[in-house]
Each structure stands twice: as structure tokens, then as C-alpha cells.
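Work through the exercises below with the sequence and the structure at hand. Each task is followed by a solution in steps.

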Amino acid sequence: MEKPIIFISHTAEEKGVAIKLKDIIVSRYVGAVNVFVSSDPRSIRGGERWLDKIEKALKNCNLELIICSPDSIKEPWINFEAGAGWIREIPVMPLCHLGLDFDDLPVPLNLLEAVNLFDEHCLERIFSKISELNDLFIPNCNATEIINVVEEYSKNYDIKKLG
């Protein structure tokens, strides 16, 4: 039986956040799930047709995590990937950061239950959904790792925006 696939949608600028989130999920579930991140060379290897790999992951995942910032929610690919999950009627979970509030999410993302990546319970909510969908135990949910990565990304993001 194939392992369940979690698809993390992100912009190129948010690749570090997406890869760190993938690493946290994979380490906590100890090989029970696969996590697809398009910018991670472990998800798409050299010489592979990247669009085919993304399409296959979108067709086979049972949960989509959409990293949402004020800029990323305007990107066509983010909305394209979120729409794939919406049409398949699988859970699509917006993960808000960089000051983006749930109320700032555009339709149809605002119709989905979102998580704030700065919330100390963010991983608990993500892991709870992964565990529920895949009949797995909920692992330890210390959010410090992901919050630190998101805070560091936020600092770099602010510097780029100002520069």
C-alpha cells in the first residue's frame, strides 16, 4: 500500500518554510506519510518532468497545506494548486503567516479552516488533521521549530521588501 501524500503548496520565496515543515512532518510520522514540496529536490529529482510530478502529487494527495502570505495568495500557482484539492474534495488547509489574518484570505480560501503559523498550537492542528485522515497517532506537537523558521523567514522577507 502506498503511503499517504501531504502536498505543501508554496511560492518560491517560501521554499525554506515549506521544506522545514516537510522535514518536521516526516520526522514526527517516521515514514508513515510522504510529503511533497515541489522546490525540494527530494520530491522532484534532476531530469524528472516537474509538471508531471506536481500533477501526480495533486491527484494522489489526501491533504493540501497552502502556505499563505499577503503576496502568495495573489499567485496563480497557489490558487491553482488549492483549486485542485477543492475540486477533489480533500481537506485544503491554509497556513497563514507574515501578518496575513484569516479574514484577509480571498474566496475560496476564506471558506476553509485556516491555521496561523505563529500560533503555538499550529502543528497540533496540522498533525491532528494528518492523523485523522490516515488513522495515525498524533505525534508530539512542539511548534517551536516551525515558529522559529517562520520568524526568521519574516525577518528576511521584511528586509527584501524594504530593500
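**Exercise 1.** How many bridges join β1 to strand β3, and do the two run parallel or antiparallel?

*Solution.* The model is a predicted one.
Step 1. Locate strand β3 at residues 61-68.
Step 2. Take the bridges to β1: there are five, and the two strands run parallel.

**Exercise 2.** Find what joins β1 to strand β2, and describe the unit they make with helix α1.

*Solution.* Step 1. Strand β2 covers residues 34-37, and four bridges join β1 to it.
Step 1. These two strands run parallel.
Step 2. Isoleucine 5 has asparagine 34 as its bridge partner in β2.

**Exercise 3.** Explain why strand β1 is described as largely enclosed by the rest of the structure.

*Solution.* Step 1. Sort the side chains by direction: Ile5, Phe7 and Ser9 point one way from β1, while Ile6 and Ile8 point the other way.
Step 1. Check burial, where the cut-off is under 20% relative accessible area. The residues on both sides are buried.
Step 2. Since five of the five residues in β1 (residues 5-9) are buried, the strand is largely enclosed by the rest of the structure.

**Exercise 4.** Describe the largest nonpolar core and name the element that gives the most to it.

*Solution.* Step 1. The largest nonpolar core has 31 residues.
Step 1. Ile25, Leu65 and Ile146 have the most contacts inside it.
Step 2. Elements that each supply at least two residues of this core include β1, β2, β3, β4 (92-96), α4 (122-134) and α5 (144-162).
Step 3. Helix α1 gives the most to this core, with seven residues.

**Exercise 5.** Which residues make the nonpolar surface patch of about 460 Å²?

*Solution.* Step 1. The patch is made by Trp50, Leu51, Trp77 and Phe80.
Step 1. Tryptophan 50 has its place in helix α2.
Step 2. Two helices, α2 (50-60) and α3 (76-88), each supply at least two residues of the patch.

**Exercise 6.** Is aspartate 101 buried, partly exposed or exposed?

*Solution.* Step 1. Aspartate 101 lies in the loop between β4 and β5 (115-116).
Step 1. Its relative accessible area is 37%. Buried means under 20% and exposed means over 50%, so aspartate 101 is partly exposed.
Step 2. For its distance from asparagine 34, count 67 residues in sequence and 29 Å in space, C-alpha to C-alpha.

Terms used. Residues are numbered from 1 along each chain as its sequence is written. This is a predicted model: local features need pLDDT of at least 70, side-chain atom pairs count only at pLDDT 80 or more; totals for chains, interfaces and linings use all residues. Side-chain values use heavy atoms; hydrogens and water are left out. Patches are made of residues with over 30% relative accessible area and no salt bridge: like charges are joined within 9 Å, nonpolar side chains (Val, Leu, Ile, Met, Phe, Trp, Tyr) within 5 Å. Accessible areas come from the Shrake-Rupley method with a 1.4 Å probe; for residues, only the protein chains shown count as cover. A salt bridge is a side-chain nitrogen of Lys or Arg within 4 Å of a carboxyl oxygen of Asp or Glu. Buried means under 20% relative accessible area, exposed over 50%, partly exposed in between (1.4 Å probe, protein chains only). Two strands pair if DSSP finds at least two bridges between them. A crossover is right-handed if, with the strands pointing away from the viewer, the path from the first strand over the helix to the second runs clockwise. A nonpolar core is a set of buried Ala, Val, Leu, Ile, Met, Phe, Trp, Tyr and Cys residues joined through side-chain atoms within 4.5 Å.
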